[in-house]
Amino acid sequence: MKNLLVIIPARAGSKGLPNKNILKLNDKPLINYTIEAAKEVFDINQIVVSTDCIKIKSEAEKLGLNIYKLRPKSLAEDDVSSYDVIEHELNEYSNKVNEPDVVILLQPTSPLRTSKNIREALKLYNSSIDMVVSVKKSHSNPYFNLFEENDKGFLNKSKISNITRRQDCPDVWEFNGAIYIINVKSLRKTKSMNFERIVKYEMNEHNSIDIDNKLDFIMCKILIDENNKNYT
């Protein structure tokens with residue numbers, strides 16, 4: 001798969017964990033984990049770090065990436081969607097070369113996602129689908145322990161069922177935020193990421209960790225420390 005663009009979105013702001021993309025996780029900035037995994041799979045000229053932050057730009061350039069311009073501040077606000085960022089970077093890239101057929105979105109908040117995970121997900125993609133997305137099996141299940149509040153203020157199961165044991169529930173999958181492989185034609189057509197033809201790539205709990213707050217960050221550090229002990 002040659003005609004592709006890899007986007008690593010990394011804005012400066014974060015309410016849950018300030019400056020998380022460049023926080024040191026075991027002596028290495030968080031974003032470095034994703035850049036390094038991407039470099040093991042893709043040509044360096046196919047990788048774009050989309051950022052509004054000079055410090056993040058500097059870290060990416062230390063790893064050999066060319067960041068020609070920063071993302072506009074208007075695309076770094078809390079209410080900006082992944083689609084908005086992808087569309088912007090896709091248009092910027094397409095102005096320099098031909099528009100890619102596929103966009104791979106790799107969020108830096110998934111530092112334990114590996115190059116092996118990326119390669120395996122890529123094998124599932126073909127042009128007849130809209131997206132391959134990484135998932136993990138959810139511990140919560142709408143048939144068992146997920147509820148919605150009705151208009152009277154009472155809780156009802158999200159999915160009506162008589163299931164009384166978790167093991168009898170159908171599997172439910174949760175996007176883990178690590179890998180999105182997107183058909184550009186589908187993206188241009190829907191002008192969103194609300195696709196119909198989505199194929200899952202399952203990842204384990206360990207590699208699926210997504211850093212959103214301080215607790216996630218601490219948990220990830222513990223997991224990396226444990227991994228390092230296993231190899232010493």
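Colleague: Which residues lie nearest the centre of the second largest pocket?
Modeller: Those are Val48, Asn66, Tyr68, Tyr93 and Lys96, out of 21 residues that line this pocket. Before going on, please note that this is a predicted model, in which local features need pLDDT of at least 70 and side-chain atom pairs count only at pLDDT 80 or more, while totals for chains, interfaces and linings use all residues. Residues are numbered from 1 along each chain as its sequence is written, and side-chain values use heavy atoms, with hydrogens and water left out.

Colleague: And what counts as a pocket here?
Modeller: On a 1 Å grid over the protein atoms alone, a pocket is an open set of points where a 1.4 Å probe fits, with protein on both sides within 12 Å along at least five of seven lines, and a lining residue has an atom within 4 Å of a point.

Colleague: Which element gives the most to the lining of that second largest pocket?
Modeller: That is α3, with five residues; the elements that give two or more are β2 (47-50) and α3 (82-96), where helices (H or I, at least four residues) and strands (E, at least two) are DSSP runs numbered from the N terminus.

Colleague: Switching to helices, which residues of α4 are buried?
Modeller: In α4 (residues 115-123) they are Ser115, Asn117, Ile118, Ala121 and Leu122, where buried means under 20% relative accessible area, exposed over 50%, and partly exposed in between, with a 1.4 Å probe and protein chains only.

Colleague: Why do they line one face of the helix?
Modeller: Seen down the axis of α4, the buried residues fall within an arc of 155°, so they share one face; the arc is that of the directions from the helix axis to the C-beta atoms. Lys116 and Lys123 are exposed on the other side of α4.

Colleague: What covers the buried residues of α4?
Modeller: The cover includes α1 (30-39), β3 (102-105), β4 (131-137), β7 (173-183) and β8 (198-202). Of the ten residues in α1, eight are buried, including Tyr33 and Ala37.

Colleague: How many disulfides are there?
Modeller: The count is zero, taking a disulfide as a pair of cysteine sulfur atoms within 2.5 Å. Cys53 is buried at 13% relative accessibility, and Cys220 is buried at 0%.

Colleague: Where is Tyr143, and what does Tyr143 touch?
Modeller: Tyr143 is in the loop between β4 and β5 (147-149) and is partly exposed at 24% relative accessibility. Leaving out residues up to four places away in sequence, Tyr143 touches Lys157, Lys159, Ser161, Ile163, Cys169 and Pro170, contact meaning heavy atoms within 4.5 Å.
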